[in-house]
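Read it alongside the model.

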Amino acid sequence: MSGPGGDQELRHDVLRHLIGVVETMKQHVTTLATEFGLTLSQLDAMKNLGEPCSQRELAQCLHFDASNVTDIVDRLETRGLVSRTIDPSDRRVRRLVLTAEGEAVRRKLFERALDEAPIGSLTSAELQQLRDLLAKISEPVELPI
């Protein structure tokens, strides 16, 4: 498989596996969200509410229109997971804050997402090798826990 043709086929195979990993993780998170009675959008909103923020800021984080975020936040608020508070520096702005129950759900959900991630079959050495290889192609993202 060496040479230009072999390298192209190998790159193609690696990309197929990487896309497979993304799909596997998406399914893993979707299953957990469903178990917690959340949509992926609601889960993503909760992930981004580690610190209080305005609805506009949350919309920017989610890459959604602000009107779409209203429905997501309304549903989270109805479940008692999020509350809207007045921003002390600008009373016209409402800050979105996870409630104590929202914090607990967020923590449990993301702990399970990490603990049950489909990398459990890898040894410590394999995990280190995979981390080192992935670090060559992308920056890590912050996890909510």
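## Terms and basis

Helices (H or I, at least four residues) and strands (E, at least two) are DSSP runs, numbered from the N terminus. Residues are numbered from 1 along each chain as its sequence is written. The model is predicted, so local features need pLDDT of at least 70, side-chain atom pairs count only at pLDDT 80 or more, and totals for chains, interfaces and linings use all residues; side-chain values use heavy atoms, with hydrogens and water left out.

## The largest pocket

A pocket is an open set of points on a 1 Å grid over the protein atoms alone, with protein on both sides within 12 Å along at least five of seven lines. A cavity is a set of points where a 1.4 Å probe fits but cannot get out. Lining residues have an atom within 4 Å of a point. Grid points are joined across faces, edges and corners, and a volume is the space filled by probe spheres set on the points.

The largest pocket has a volume of about 1,800 Å³. Its lining holds 40 residues, and Val21, Met25, Leu134, Val141 and Leu143 lie nearest the centre. The elements giving two or more residues to this lining are α1 (4-35), α2, α5 and α6 (124-135). α1 gives the most, with 10 residues. By class, the pocket lining has 26 nonpolar, 6 polar and 8 charged residues. Here Ala, Val, Leu, Ile, Met, Phe, Trp, Tyr, Cys and Pro count as nonpolar, Asp, Glu, Lys and Arg as charged, and the others, Gly among them, as polar.

## The cavity

A search of the whole structure finds 1 cavity of 30 Å³ or more. The largest cavity holds about 30 Å³ of space. Leu38, Leu43, Met46, Val105, Arg106, Leu109 and Phe110 line it. α2 (40-47) and α5 (100-115) are the elements that give two or more residues to this lining. α5 gives the most, with 4 residues. The cavity lining has 6 nonpolar, no polar and 1 charged residues.

Axes are lines fitted to C-alpha atoms, for helices over the stretch in contact, and angles run from 0 to 180 degrees between N-to-C directions. Angles under 35 degrees count as roughly parallel, over 145 as roughly antiparallel, 65 to 115 as roughly perpendicular and the rest as oblique. Contact means heavy atoms within 4.5 Å.

The axes of α2 and α5 come within 10 Å and cross at roughly 105°. The two helices are therefore roughly perpendicular. Leu43, Met46 and Lys47 in α2 meet Gly102, Val105, Arg106, Leu109 and Phe110 in α5. That contact has 5 nonpolar, 1 polar and 2 charged residues.

The axes of α2 and α4 also come within 10 Å, crossing at roughly 80°. That makes α2 roughly perpendicular to α4. Ser41, Gln42, Ala45 and Met46 of α2 make the contact with Ile72, Arg75 and Leu76 of α4. By class, this contact has 4 nonpolar, 2 polar and 1 charged residues.

## α3 against α4

α3 and helix α4 (residues 66-78) pack at an angle of about 105°, their axes 9 Å apart. α3 and α4 are therefore roughly perpendicular to each other. Gln55, Leu58, Ala59 and Leu62 in α3 meet Ala66, Val69, Thr70 and Val73 in α4. The residues of this contact divide into 6 nonpolar, 2 polar and no charged.

## Salt bridges

Side chains of opposite charge can pair when their charged atoms come close. A salt bridge is a side-chain nitrogen of Lys or Arg within 4 Å of a carboxyl oxygen of Asp or Glu. A search of the whole structure finds 11 salt bridges.

One of them joins the side chains of Glu57 and Arg95 (2.7 Å, N to O). Glu57 lies in helix α3 (residues 55-62) and Arg95 in strand β3 (residues 90-98), so the pair ties together parts 38 residues apart in sequence.
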